[in-house]
Every structure is written in C-alpha cells, then in structure tokens.
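Dear colleague,

Please find below the structure I am handing over to you.

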Amino acid sequence: QVQLQESGPGLVKPSQTLSLTCTVSGGSITTNYYYWTWIRQPPGKGLEYIGYIAYTGGTGYSPSFKSRTSISRDTSKNQFTLHLSSVTPEDTAVYYCARGVTNNVYDYWGQGTQVTVSS
C-alpha cells in the first residue's frame, strides 16, 4: 500500500518561499512510470494542478505556476519537495501530493496540508 504524507510550515509570510515535502512509503519514487505531483485547493475553489517530478527525475509545471515553482526529489529518503516562491495570500490553500499514473489520473493521495500566507 502506497502512502504519501505532506509536511511543511502551516504559515508563510508574503514574498517568502513555501517549501513542502511529500514522503512516500510503500513504493519508490523512481518506479516506472509514475509522476509525483503537487495539487492544491484554495478555499472555496476547485483543485489546481501545480506540477510534477517524474520517475526519471524530469519535471513539468502548470503554466500558471511555472515562473515561480520548482520540484525536486531526494531518492535516498523517497521524498519530493515543492518550492513556491514569492507567495501571496492567494497561495493560501490545502496542498496535496499525489501519485500520477497518466494525465490527470491519480491513484494515491496524501491527506493534504493547510498552508496560510499571511503577515
């Protein structure tokens, strides 16, 4: 059974960089052919796709986030990390990590972590 767990600060100040880590258990992040993905849900809104890091280490980002997002991984810890820079209150959301199997199909999700951007 694959499990994902998000971790990181619950409160971030505007203009800072938000960093969230997803720890994966029950499966390797280098296993073919999965895409380890970050998704968020702002209050009162739908899910927003942020980006992924693939089993190869390659990355892809939504155009909406590309200019201020990077996703990295630590294969020794079986973790991948989201870095979102220059945050504003509009980045307040529940952030989820998920395992992608193909376009827009995710079979395992973390429970989500609330991030609030406020001074």
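A polar contact here is a pair of N or O atoms within 3.5 Å; within protein, one atom must be able to donate a hydrogen and the other to accept it, and residues adjacent in sequence count only if both atoms are side-chain atoms. Such a contact, of 3.0 Å, links the side chain of T21 to that of T81.

Before going further, please note that this is a predicted model, in which local features need pLDDT of at least 70 and side-chain atom pairs count only at pLDDT 80 or more, while totals for chains, interfaces and linings use all residues. Residues are numbered from 1 along each chain as its sequence is written, and side-chain values use heavy atoms, with hydrogens and water left out.

T21 lies in strand β3, residues 18–25 (strands are DSSP runs of E, at least two residues, numbered from the N terminus). T21 counts as buried because its relative accessibility is 18%, buried meaning under 20% relative accessible area with a 1.4 Å probe and protein chains only. Leaving aside residues up to four places away in sequence, T21 touches Q5, E6, S7, W38, Q79, F80 and T81, where contact means heavy atoms within 4.5 Å.

Strand β3 also belongs to an open sheet of four strands, ordered β1-β3-β8-β7 with antiparallel pairing (two strands pair if DSSP finds at least two bridges between them). At its edges are β1 (3–7) and β7 (69–74), each of which pairs on one side only. Five bridges connect β1 with β3 in the antiparallel sense, and Q5 has T23 of β3 as its bridge partner.

A further pairing is that of β9 (residues 93–102) with β10 (residues 105–109), antiparallel and joined by four bridges. Within this pairing, G100 stands opposite Y106 of β10. Two residues lie between the strands of this hairpin, where N104 takes a positive phi near 60°.

Finally, the largest nonpolar core has 23 residues, of which L4, L18, V24, W38, F80 and Y95 touch the most other members. A nonpolar core is a set of buried Ala, Val, Leu, Ile, Met, Phe, Trp, Tyr and Cys residues joined through side-chain atoms within 4.5 Å. At least two residues of this core come from each of β3, β4 (35–41), β5 (48–54), β8 (79–84), β9 and β11 (113–117). Strand β3 gives the most, with four residues. As for L4, its contacts beyond four places in sequence include C22, V24, W36, F80 and W109.

With kind regards

Notes: Buried < 20%, exposed > 50% of the residue type's maximum accessible area, 1.4 Å probe, protein only.
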